[in-house]
Amino acid sequence: MFKILPFIALFSAITFTCVAQKLKTTKQVSGIYKEVYLVDKSTGFRQGRYSVINMHTKDTVALGNFKNSARVGEWKFLDPKSSSTYIIYDYTKNEARYLNDAFLPDSFYVKIGGGFEVKKVDRPLIYTGFKDELNWRIAQQIDIPIEDLIEGNVGVSILNFIVDEMGAVKEVKIVSGFNKEIEQEINKIVMQLPGKFLPAIYNGQPVESSFYVRANIGLPVQSFDNTKLPPYIIHLDLISKKIGTTTTKRVGYATKPLSPAIKPTRN
């Protein structure tokens, strides 16, 4: 028995080393957040622990696990400002284990009969991520030609996304078109989001809902009043910023809960 134990310990150490050698730690920085995850060198799949870290506060705002690039088990998401738990979602069972009502709006833009209206809801449309992660992901992945900003090609693009009763994005509409490339980019980002949507619930039943993405391309930030921005509108500011002799793009997003700058249209 005692002769077997050293062999078991040696075998475990070798196994751990082999697994560690197969996995590569990857760090990806976007804005103030850093994603840290493991990638299987042989398959390219994400495996094991995943986290998102706020580099200003050093807090972990998202924590979960991957198996063959699929999210599995319980994932925990926080509110970056208060460090309070925002959502706990079980991807294996496809169910929300915890939703922090303090951060959820009580009204949303949902389909009633043949059209969409702003209604008090049991639960709004929710993206499974840390608070304002949806805004951050869209903002940080937009690839806007810096030449457009330098040359003064400025304007506003507004897209409307419709999410069905199962939480799938079923349709996108261009409400106000300005830059076709950016509009296509925003659409692509939303369709390829790593998390999932939890459908809005109205009168105890899941319903279709809608949200807008408003992209300010190069206009002064003060042109928009975002102090009363409702939860169904994501506002992005895509502007240029000069650092020394170099001009770079900067993407910001509003996080405060529509100045009626965009009024929902009824179908």
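Which residue has a side chain with a polar atom 3.3 Å from the backbone nitrogen of T57?

Modeller: The residue is N54, whose side chain places a polar atom 3.3 Å from the backbone nitrogen of T57. Before going further, note that this is a predicted model, in which local features need pLDDT of at least 70 and side-chain atom pairs count only at pLDDT 80 or more, whereas totals for chains, interfaces and linings use all residues. Residues are numbered from 1 along each chain as its sequence is written, and side-chain values use heavy atoms, with hydrogens and water left out.

The side chain of N54 also has a polar atom 2.9 Å from the backbone nitrogen of H56. Polar contacts are pairs of N or O atoms within 3.5 Å; within protein, one atom must be able to donate a hydrogen and the other to accept it, and residues adjacent in sequence count only if both atoms are side-chain atoms. N54 belongs to strand β3, residues 46-54, where strands (E, at least two residues) and helices (H or I, at least four) are DSSP runs numbered from the N terminus. With a relative accessible area of 4%, N54 is buried; buried means under 20%, exposed over 50% and partly exposed in between, for a 1.4 Å probe and protein chains only. Once residues up to four places away in sequence are set aside, N54 touches I32, Y33, D59, V61 and P80, contact being heavy atoms within 4.5 Å.

Beyond this site, charged pairs can be followed along the chain. A salt bridge requires a side-chain nitrogen of Lys or Arg within 4 Å of a carboxyl oxygen of Asp or Glu, and by this rule there are eleven. In one of them, K22 and D40 meet at 3.7 Å, N to O; K22 sits in helix α1 (residues 4-22) and D40 in strand β2 (residues 33-40), 18 residues apart. K22 is partly exposed at 43%, whereas D40 is buried at 7%.

Another salt bridge joins D106 and K120, with the closest N and O atoms 2.5 Å apart. D106 is in the loop between β7 (95-99) and β8 (107-112) while K120 is in strand β9 (residues 115-120), so the bridge ties together parts 14 residues apart in sequence. Here D106 is partly exposed, at 43%, and K120 is exposed, at 57%.

Turning to the nonpolar interior, a nonpolar core is a set of buried Ala, Val, Leu, Ile, Met, Phe, Trp, Tyr and Cys residues joined through side-chain atoms within 4.5 Å. The largest such core has 37 residues, and I138, I186, F197 and F211 have the most contacts inside it. At least two core residues come from each of β8, α2 (133-141), β11 (155-163), α4 (180-191), β14 (200-202), β16 and β17 (233-243). Leaving aside neighbours within four places in sequence, the contacts of F211 include L125, L159, F161, V190, F197 and I234. Another core, of 19 residues, lies apart from that one, and among its members are F66, W75, W136 and L198.
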